[in-house]
Structure formats: structure tokens, C-alpha cells
Amino acid sequence: MRIALVTLFLLISSCLLPGPADNYRFEQLTDGVILFYDGFTLKIQICSPRIIHLVCAPDDRLPESKSLVVTKAWEPSDWSFDKKGQTIRLKTSEISVEINTATILCKFFNSKGDLILEEKERSFSPTIAGGSAAWNAFEMFKLSSEEAIYGLGQHQNGWMNHRGREVTLVQTNTTAVVPFLVSTKGWGILWDNYSKTYFRDDRNGATFWSEYGNAVDFYVVFGRDMDEVIAGYQEATGSAPLFGKWAYGFWQSKERYESAKEISDAVAEYRMRRLPLDVIVQDWRYWGENNMWSSMEFDPRVYPEPAKSIEKIHDLFHAHFVISISPALGRDTKVFKELFEQKHTFAPIHWSGGHLFDPYSQEARDTYWKYLDAGLMTKGVDGLWLDGTEPELADQHTFEESEANIRKLGTTAIGPVSRFLNPYSLLATQGIFENWRIAYPDKRVLILTRSAFAGQQRNAAITWSGDINASYDVLRRQISAGLNFSVSGIPYWTSDIGGFFISGHDKGYGPGRYPNGCHDPAYKELYVRWFQFGAFCPIFRSHGTQTPREIWHFGDIGDWGYDAMTRFLNLRYRLMPYIYSEAWKVTSQGSTMMRPLAMDFPNDKKVYNIDNEYLFGRSILACPVTEEQYFPLDTILNKPRSLDVPASVELYLPKGRDWFDFWTGEILKGGETITRETPIDILPLYISAGSVIPMGPYLQYAEEKPADPIELRIYPGANGSFTLYEDEGDGYNYERGKFAAIDFTWNHETGTLKIGKRKGGFPDMLTTRTFNIVIVSSNHGIGVELTAYPNRAVQYSGAEITVKL
């Protein structure tokens, strides 16, 4: 692939923009300026004080196409215009843009006048798309040597920082394309193009090249930090709605439960063992044979009474039911027949024998939903797993396979698929989201899907990392994949705990090598380590094939695997007040839950390339174990290590904060590399000084009981704060202001905690509660367990309280 990309970039030429400064005219608009050259048009639009939209076309007018990604109706902003010589300057309170009228290239400055980003080159070359004339679009930016860049979606290449790298933006089974790039220098670029795209950064500059584009079209988003940049992206493309509280609990899935009884028995076993669980997932074939592929109907041989089966899961077990569907439809299904009559299906045959529907059509999206609603939603389904949205026709683990298959679709409702190669998933999830909000206004949308595109966060969509293989190398790759995806502005991500394939399959980045699955101690160790990582992902979900995935298949009470996973289940649920509050920040502030270290430590360049540590929320540093330590795959060459002799890992604590070991309370200085022992039931976790972390009671499911009492752990050494968010747990009343928030402010110098006046309220909320305040120290306020002797117990009824500790 590298040779192909190098050749491509060397061949880019023709149609460079003209040079003579007097060969243009310009018009000042209410929202920017437009420049007309001989055969070229450039528009700079002031979208907001910190968002600029640039469009340049090799034509005497700009294309009229509407963005699929940017949905914001921009309101007028205050800005000024100035022209001196060959420079036109547009300035807002936050940023300024200088246009060189000789080159039609721009420089971008912050409010202090510092150069933040600079265009270096732009060009077009002619091509053909769908039998019509089109253009390749090319843009090069000049970056500073000290900045790091992230994003562009989910990629399995195993690196964190895209400096000096090449990234192919084509959807595959394990690649999710989001053409949004963000820098530690305080800018982001949203490349608004839907065709095959290559990104490359080298000594010449950072370059986007897209196969088809009537214009170079991108948005530049500025902010004081990466959080503000990502929030700006979501301002332009839509915010991520809040999921039902249950979605932040544990999901049990596998390929597949073969009957209503089997799935019900699995939930019953979780409840009997008192293992926390919120979601059970029904994978494919509940519809019957392939001719009925994704019929949106239950085969009565599999689910004789689907509504009653789901009601039992709800009412008896207090769990939620998520079900798999596909954009591919069997030829004997009612939904396929109607879509075929409407001419909204594609001709190429899906590997199941069916055909994909065309979500680029509004009519097709509505028809798809009609059958989905009638066959599944009315039976009580809580969430939808929309599989294969690259879209998939066959095995598509490589770029070449996937691109070739997607191109076979030919023409979509809005144009040649070559122009619209990447946003299938965006449109497919959009159809479900929009119809769900109308049909079920009191039930929060939840969609799990295998692909993504810019803007998809607004559709209440979670992306998982595809059909990956079981290995430590693949586990480590998930960390950088999930982090780069998260800073691409789409905050909800997960992976198949344990890898989808455990053996045989060789396209998920190396073959899985564990044919004995849960019976193999080596695989059990890998699964436990992946499970620990999953507990600190936005969505905590187990799934895969070839071996059972329920916890009791990895041992029983007293067994190291079972006990380690139970520990992290309980930790996830004790952290539910923290997690749900962080989720609210995602929705209300455009925040990011799974955070590369560079987001919070941009001045510590040692963190720029770290691909195996991250922050979960603003306070918890997670360091997953991504190496075999106790049970080697090859037991002939390597002997197992006793679990009584802990292995260890090296890790880096970011500079600028002190850090508490979550498990011991030991305080360590930032800016140092340390060695940490890693017993099988320990994932290294560190809490930054000044953090205030609420921990709730032990739970069997997210809404089993109110979060009372809350153990409020304070990590001294610096000032800090936290806002506890609560609402009804489902429905959209939070959009109408029906929620409650309590601010906690810790003053380290005075040793006081201020518990603020409760803001807002909602039906049936706790009006009086207890906060058990714990000042964390060595062996006090540590680990999963409830702290037996808190420093203070405070009764709270909504009025402000200041507590001296």
C-alpha cells in the first residue's frame, strides 16, 4: 500500500491555482468572502467565531450540493474584513484568516496572532465518476514540527500519532472512516468528501487526496485545547445523544444464541450467580434461513412468542434486549420485495444470497424502518445492532477487497457510489434514528454498528471494531484504534472482548491461535486482560465466535479467571455515577470519554505516541496489560508462570500531576516511567491528584436501586471538582431540562469540600441522600470494595454544604 500511495502523490499535478494577483475579483458576503479567478472560485465562510468553512472549485461557480455531514444552520457571527495589498483578512473574536490573493491559499491565526495552520498547496486533476467528468481533489497543509495529530476514525495500524504516517480512508470490516483530524496545537480539519481518500503526512506537509470531488471542501475548527476542537466538530455535525443508563452496563453477546430459551437461560444464570448484567444480545439467524435474511421477523421455530420472551427478560430479569439486523435482505422477505419494487436495492449479491438496500434514499430508509418497527420494535426490542454497514458484500478485511465490493453497487439514489463510497453507515443509522425518535419519543435510541462516518454520533450510534482476531497484538491495536476514533468526534466505541475469531481466520490482523478457546489457560488469560480493558471503554461488551463467552465458561467461583472478571464487573457498576456523569458531559459539552493522553497533557511530548494508556473520563488513567504474562501459548518452549509470582509492566505517568495507585493508595510523581506489578486481577489504574470520584453501591443492573449512599473518594494533593449528573435513566426529558446536577469542589489548601446546591430535578429523584466522604491515602479508600470507615458521612437534602476534612 505504501508504494501505491507514494506513486499516487508523485503523479498529482495539473490545474494548480493561478498566480497573478490582479486576475481576480471578490465579493464581501454577510458570512464571509468569495473570490473569482479565471476558472476557479474560492469561498471563505465564517460559520462561528472559531469555525471556518473553505470551499474551492475549479469552476466559475461553487457546487450546490448539500453536505451529508454538516447539519448546523449557522447564525451570523461578528467579524471584520480588511484588505491590504495581496492579503485579505477575515477576523473574529477567536481566529483570523489571511487569504493570499495571488495563490488563493490561506493562513489561520489564533486570537493572539499566533500562526496555527497554513495551506501549502491545492490542486485538481480531471477524472471520470459514473460516466461523468469529475475532479480529484488535493490539499496540502504546512504543520509545525512539534505538534501531534490524531483522529481520522478507527484504524488497526497500531500507532497513535499520525505524524509521518499514511492512512487510507476506505471502509473495511475493521476500519471505520471519519475524515476529521485534530492537533495538539488547537485545530481540527473536517474534510467534507465522501469518496476514497488518502491522508499522508511527511516532510513536505500533511495532505488529503480524494478520488472524486467537485471542490476542495473542508472546515477548520479552532479551540484552546482538543476538547474545544472536538466540541466544535460536534457543533457543526450534531451532538451525541445520551443512551439509556442501562447501555453503560455490561453487554453479553456471542455468535450466537440459537433459541429464546437459550438466551433467557443465559440471563437467568447471570442473575443466579449475582453477576452484573444489563444487556443480552441476539445475533443473526433468529429469522430462519438465508432466504429470510434480516427479514425483521422472528422465526417461530426460534422464538415462538417473541414479545413474551422479551417481556420476561425485562420484567423477570431486569435486563435489556438488543438484536442484530442487516442492510442486506433475503429475497423472500417482505421488506426486500417492497424495496425492490421501489427500485431501492442494489444488484450485487450479498454473501447470504440477499441484496443490500439503498439508504441514500429517504423513501428506502422509511420503508426499511416500517418493517423493522412492525417486526421487532413492537415486540419490545431495546436496541438495534445494525451489522455490516461498510457496506459488506463479502469478506472485506482489506482495503482492496472492500473498495472493490462497494464499487459493485454502482449508483446510489444520490449519485455514483464512487462519489459516495464511505457514508453508507451514516445514512443507514440516520434512517433508524429519525424514525425511532418519532415512533418512540420516550425511549432513547441505541444503535450498534460496524462502520462509521463523520456526523454519525448524532444518530445515537456506537461503533465496534469489527471481526478482529484473538491475540495480544490485536488487543493492543484496539487501544489506539478506539482512541483515534474517539477524538474523531464520535465518542462511543467498543470491541469484541476476547477477539471475534479465536483461531483460523487470518485477515483480522494475524490469525487467532487459540482453537481450544475458553478451555485454554492461555486464551483465558487473554480474555481476562481484554475484559479488564473493556471495563474501561465507553461500552463494555463481550462478543465473538468459536467459543462460549459467558463468564462461567472461564471457571467458577474461586477460579482466577472467574474471580478477576467478577471484580471488574463490580468495579464498572460501582463507577456508574462517574461513568453516567461523564456521558452527560459528552452530550452537553461535546466531551470525550476515552481520551488519548495528549488531550489532557498537550505539553508533555512524551505522551504523544503512547498507544497503550489513556484517560477514562478526566480522572482515571487506565493502562491495559497487552502482553502474555502467565500462560504462554507455546507451553513446550515456555513454562507457565505461577500466579503467586506477579509479573509486571512498565508504564509512564504523565507530567504535571501526582498520581494515586487506585489499588493501593500509593502516591507517585508524574513525568516518570515506573514498574507496576500486574497480578491477573489487576489492571493498572491511576487517579490524578485533585480528583473527586463518586462510587455507588454494588449493583446487579444499572438501575437496580438509587445511587445511595455514594462513596465520594477525594484524591488530595491539588484542587479539583466533579459534577454528579442524574436523570430518569431513559426517555428524553433530559432534553427538556428534567435532570439534576450536584457540584463537588475540593479545596486542597483548606481541606474543605463544598457540596453545591442541587440544580434542577426530575420525577422520583432522591431528595435526601448520604455522601460517605473518603480522603484517599495508603490502604484507605482503595480498590473495588466499599470503604469501611469513611472520613465523614454527610446527609444531603439539596442545600449547599461545606465540609471540613
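Modeller: Happy to! Let's start at strand 42, which runs antiparallel to strand 46 (residues 801-804) and is joined to it by four bridges. This is a predicted model, with local features needing pLDDT of at least 70 and side-chain atom pairs pLDDT 80 or more, while totals for chains, interfaces and linings use all residues. Residues are numbered from 1 along each chain as its sequence is written, and side-chain values use heavy atoms, leaving out hydrogens and water. Strands (E, at least two residues) and helices (H or I, at least four) are DSSP runs numbered from the N terminus, and strands pair if DSSP finds at least two bridges between them.

Within that pairing, Ile-755 has Ile-801 of strand 46 as its bridge partner. Strand 42 (residues 752-755) also pairs with strand 41 (residues 740-747), again in the antiparallel sense and over four bridges. Here Lys-754 of strand 42 has Thr-745 opposite. Strands 41 and 42 make a hairpin with four residues between them, and Gly-751 in the turn has a positive phi of about 65 degrees.

Positive phi also turns up away from glycine. Leu-152 has a phi of about 70 degrees although it is not a glycine, and it belongs to strand 11 (residues 149-154). Ser-294 is another non-glycine residue with a positive phi, about 50 degrees; Ser-294 sits in the loop between strand 19 (279-282) and helix 4 (306-315). Leu-152 has 0% relative accessibility and so counts as buried (under 20% relative accessible area, with a 1.4 Å probe and protein chains only). Ser-294, at 0% as well, is therefore also buried. Why point these out? Most residues other than glycine have a negative phi, and most peptide bonds are trans.

On the peptide bonds, the one from Glu-255 to Arg-256 is cis, with omega near 5 degrees. Arg-256 is placed in the loop between strand 18 (250-252) and helix 3 (260-273). Asp-708 and Pro-709 are likewise joined by a cis peptide bond, with omega about 0 degrees. Pro-709 lies in the loop between strand 38 (692-695) and strand 39 (710-714).

Last, the helices: helix 6 (residues 362-375) packs on helix 8 (residues 424-439) at an angle of about 60 degrees, with the axes 9 Å apart. Those axes are lines fitted to C-alpha atoms over the stretch in contact, with angles from 0 to 180 degrees between N-to-C directions.

Key: Buried < 20%, exposed > 50% of the residue type's maximum accessible area, 1.4 Å probe, protein only.
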